Amino acid sequence: MKTAKAVPVLMYHHVSPNPGLVTVSPENFRAQMRHLAEHGWRTLGLDDLARFLSGSPLPEKSIVITFDDGYLDNWVHAHPVMAEFGLHGVIFIVTGWIGGGAPRPHAGASKLCAGETSPLPATPDHKTCKRLIASGRADEVMLRWSEIEAMIAAGTFEFHSHTHTHTRWDQIETDPEKRLARLAADLHDSRETLRERLGKTTAHLCWPWGLDLAGYGQTADKLGYRYRYTTKRGVLMPTMGRDSIPRIVIKNRDGRWFGKRIEIYRRPWLATAYLALRGA
């Protein structure tokens with residue numbers, strides 16, 4: 001078996017028919033996932049990735065699909081596609097934004113009488129989501145714990161930390177010691193919420209905005225977050241450290257574009273040259 005020399009870690013936020021920042025349309029997302037399924041890619045969980053960084057081999061065409069924040073559209077539009085193609089992904093959730101309540105309809109729900117489907121909830125653009133969250137209406141645009149549990153049961157997604165509040169502590173607290181103390185409380189609350197709601201903690205943390213400022217890494221380490229993910233563009237190689245895992249932003253493009261890019265990113269020398277050419 002040929003083994004992976006590099007693993008692309010893909011970064012998504014939204015899958016929604018409402019265009020905007022960091023959003024892929026349902027049609028393009030389905031085309032991208034169909035490409036993975038039809039071309040023999042293995043979608044990894046983060047335990048697999050941890051073993052790769054410890055020297056364990058992975059199949060040549062291995063890839064990680066990550067989503068940030070935990071928006072409702074991940075359930076409505078991404079989850080059914082992942083289920084359709086038997087793929088597995090990762091969602092880094094802002095645990096303080098996740099609410100209760102029954103699961104809402106999603107695009108893969110079985111048909112109702114007269115060939116109709118249950119109306120899908122609205123999945124607004126990124127700016128609208130942020131505005132609603134800030135106004136205390138997060139449940140309208142964020143996942144619920146019941147939907148998270150359903151995705152875990154279906155095997156489409158696993159869930160890890162994106163902090164508890166998604167706060168820019170560097171903009172709120174000027175004193176470095178107090179800033180790290182508030183960060184530590186935020187990370188602790190996220191870890192404990194995951195334990196209480198899902199029955200286990202996580203060693204995987206995705207930094208909001210990719211910010212890993214002075215003292216942040218040590219703070220995360222003390223709380224058990226051994227693997228930390230950034231917005232730094234690049235592909236993961238086994239010689240890299242666990243504290244600054246790079247990812248690749250995926251654009252709202254079709255399956256053909258997507259396929260060409262991931263073929264580049266699974267070859268370390270080609271990926272390095274390509275990213276250098278783009279000024280990464």
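Me: Where is Ala50 found?
Reply: Ala50 sits in helix 2, residues 46-53. Helices (H or I, at least four residues) and strands (E, at least two) are DSSP runs, numbered from the N terminus.

Me: What kind of model is this, and how are residues numbered?
Reply: This is a predicted model, where local features need pLDDT of at least 70, side-chain atom pairs count only at pLDDT 80 or more, and totals for chains, interfaces and linings use all residues. Residues are numbered from 1 along each chain as its sequence is written, and side-chain values use heavy atoms, with hydrogens and water left out.

Me: Back to Ala50. Buried or exposed?
Reply: Ala50 is buried, because its relative accessible area is 11%. Buried means under 20% relative accessible area, exposed over 50%, partly exposed in between (1.4 Å probe, protein chains only).

Me: Which residues does Ala50 touch, leaving out those up to four places away in sequence?
Reply: Ala50 touches His204 and Tyr227. Contact means heavy atoms within 4.5 Å.

Me: New topic, helix 5. Which of its residues are buried?
Reply: Helix 5 covers residues 145-154, and its buried residues are Trp145, Ser146, Glu147, Ile148 and Met151.

Me: What do they pack against?
Reply: They pack against helix 3 (72-85), strand 6 (89-93), strand 7 and helix 7.

Me: And what comes just after helix 5?
Reply: Gly155, with a positive phi of about 80°.

Me: Now pockets. How much space lies in the largest one?
Reply: About 290 Å³. On a 1 Å grid over the protein atoms alone, a pocket is an open set of points with protein on both sides within 12 Å along at least five of seven lines; a cavity is a set where a 1.4 Å probe fits but cannot get out; lining residues have an atom within 4 Å of a point. Grid points are joined across faces, edges and corners, and a volume is the space filled by probe spheres set on the points.

Me: Which residues lie nearest the centre of the largest pocket?
Reply: Glu158, Phe159, His160, Lys200 and Thr201, out of 15 lining residues.

Me: Which element gives the largest share of that lining?
Reply: Strand 7, with four residues.

Me: How many cavities of 30 Å³ or more are there?
Reply: One. The largest cavity has a volume of about 90 Å³.

Me: What lines the largest cavity?
Reply: Its lining includes Trp169, Trp207 and Trp209. The lining divides into eight nonpolar, two polar and two charged residues. Ala, Val, Leu, Ile, Met, Phe, Trp, Tyr, Cys and Pro count as nonpolar, Asp, Glu, Lys and Arg as charged, and the others, Gly among them, as polar.
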